[in-house]
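Let us work through some exercises on one protein model together. Keep the sequence and the 3D view open, and try each task before reading its solution.

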Amino acid sequence: MDKADVVIVGAGHGGAQCAIALRQNGFTGTITVIGREPEYPYERPPLSKEYFAREKTFDRLYIRPETFWAEKEVPFLLGVEVTDVDARAKRLTLSNGKTMEYGKLVWATGGDPRRLSCSGADLAGVHAVRTRADCDLLMAEVDAGTKNIVVIGGGYIGLEAAAVLSKLGLNVTLLEALPRVLARVAGEDLSAFYQKEHRDHGVDLRTGVAVDCLEGDGHKVTGVKLADGSVIPAEAVIVGIGIVPAVGPLITAGAVGANGVDVDEYCRTSLPDVYAIGDCAAFACDFAGGNVMRVESVQNANDMATCVAKAICGDEKPYKAFPWFWSNQYDLRLQTAGINLGFDQTVIRGNPEDRSFSVVYLKQGKVVALDCVNMVKDYVQGRKLVEAGASPDAERLADKDVPLKELL
Ligand SMILES: Cc1cc2nc3c(=O)[nH]c(=O)nc-3n(C[C@H](O)[C@H](O)[C@H](O)COP(=O)(O)OP(=O)(O)OC[C@H]3O[C@@H](n4cnc5c(N)ncnc54)[C@H](O)[C@@H]3O)c2cc1C
């Protein structure tokens, strides 16, 4: 039977960073990383951006070169899934039939793309964008001459994919069930701005539409049928409607969790010596008024990973990292600082028509978050307002010529 002092499950952003931070913090014990995908850890964000647009090749996405992991004595079991956790025996069962014992377990499994529940969801030509394999399949469809593509879901991934595809010259229809895109993560101003951008770039963007089913020829998708009976022809469909946290084996083992697995302020699950980090971990977020939530971002995965690595090395401190995020669409760079949950006021700095502006979110007069579009200075200075819990004068806040650092 194999054994390691620390076993990390999931070879994505969080898993990789945890192994890196363990060694950086002087951990000399044995580490094994188990990952379901066949690749060494790579950056996921470019899958809907530079990699998809073929501006970056895959070899530029690796978080570290293969030689790094050998030098740091971090072996990987790739293409292997953990199917069962025995928390009492501290033993994992793997999809290759083997077992693995752990001293500490770090669960860093992210999530699986949420699938459509309607008929036709399993047809060929229906894609998610979560892994390199997903993205390569999609790129092959484009190479094979796909002209009409429907993107279901107006979240960041769907919008980024739509931007790339429209730049490649495809006929793109984007369908969002809610009345506006980005409804779960952004205020109305930002949604309206991106809706206009996509339409200006030729995307047929429709909000408030319900998908009835996907139609096919018995094998491959041919179109998307809407609730009103109309059909949008499509040779390929992208489904970008969120993820389901990949926590099945942990929950079966008795870990507490409803939306993902619950962790305390030290990223500890309710099982002994089992931590969870990244997209799959639900925690009480200081930057969201203590609400228990999962945060799906590279920042969160990396910072939780570092927090756990330090704890394992004896430097246990609560997880309090500042949340930030980015999204690239067309020539627009969005940078988000803080979490806007529960905001009751927004202030716009600059004019969206200039394609360079910020939305500041306030809750009871305090700045809780910013969305900055092509406004790097606001992002850099604005995050300090969030960290400080500043309550600036609304009029000065709205004046884009007043640097945010003056409002601290
Ligand atoms: C297309 C795309 C674009 C994105 N863009 C941005 C962006 O611009 N900015 C940003 O901040 N974030 C972005 N994100 C989100 C970001 O990539 C995630 O928040 C981040 O990858 C989370 O890291 P993680 O370690 O929790 O999970 P992941 O990086 O998803 O890694 C989890 C790994 O665990 C594996 N796994 C799952 N179950 C098991 C199991 N039982 N056994 C073994 N292995 C398992 C999975 O296959 C996966 O490889 C994007 C995500 C996607 C998909």
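**Exercise 1. Locate Arg 44, decide whether it is buried or exposed, and list what it touches.**

Step 1. Arg 44 sits in the loop between β2 and α2 (66-71). Helices (H or I, at least four residues) and strands (E, at least two) are DSSP runs, numbered from the N terminus. This is a predicted model, in which local features need pLDDT of at least 70 and side-chain atom pairs count only at pLDDT 80 or more, while totals for chains, interfaces and linings use all residues. Residues are numbered from 1 along each chain as its sequence is written, and side-chain values use heavy atoms, with hydrogens and water left out.

Step 2. The relative accessibility of Arg 44 is 19%, so it counts as buried. The cut-offs are under 20% relative accessible area for buried, over 50% for exposed, and partly exposed in between (1.4 Å probe, protein chains only).

Step 3. Not counting residues up to four places away in sequence, Arg 44 touches Gly 12, His 13, Glu 37, Arg 130 and Thr 131. Contact here means heavy atoms within 4.5 Å.

Step 4. The Arg 44 side chain makes polar contacts with the side chains of Glu 37 (2.9 Å) and Tyr 42 (3.4 Å). A polar contact is a pair of N or O atoms within 3.5 Å; within protein, one must be able to donate a hydrogen and the other to accept it, and residues adjacent in sequence count only if both atoms are side-chain atoms.

**Exercise 2. Find what Glu 39 and Leu 61 touch.**

Step 1. Glu 39 lies in the loop between β2 and α2, and Leu 61 is found in the loop between β2 and α2 too.

Step 2. Glu 39 is buried, at a relative accessible area of 11%; for Leu 61, also buried, the value is 0%.

Step 3. Beyond four places in sequence, Glu 39 touches Phe 58, Tyr 62, Leu 78 and Arg 132. With neighbours within four places set aside, the contacts of Leu 61 include Tyr 42, Pro 46 and Tyr 51.

**Exercise 3. Check the length of helix α8, then look at Asp 378 within it.**

Step 1. Helix α8 (residues 376-388) has 13 residues, so at 1.5 Å a residue it should span 18 Å. The expected span is 1.5 Å times one less than the number of residues. The end C-alpha atoms are 19 Å apart, which agrees.

Step 2. Asp 378 is found in this helix, α8, and is buried, with a relative accessible area of 5%.

Step 3. Apart from neighbours within four places in sequence, Asp 378 is in contact with Arg 349, Ser 358, Leu 370, Cys 372, Arg 383 and Leu 404.

Step 4. Finally, go past the end of the helix: α8 is followed by Gly 389, whose phi is positive, near 60°.
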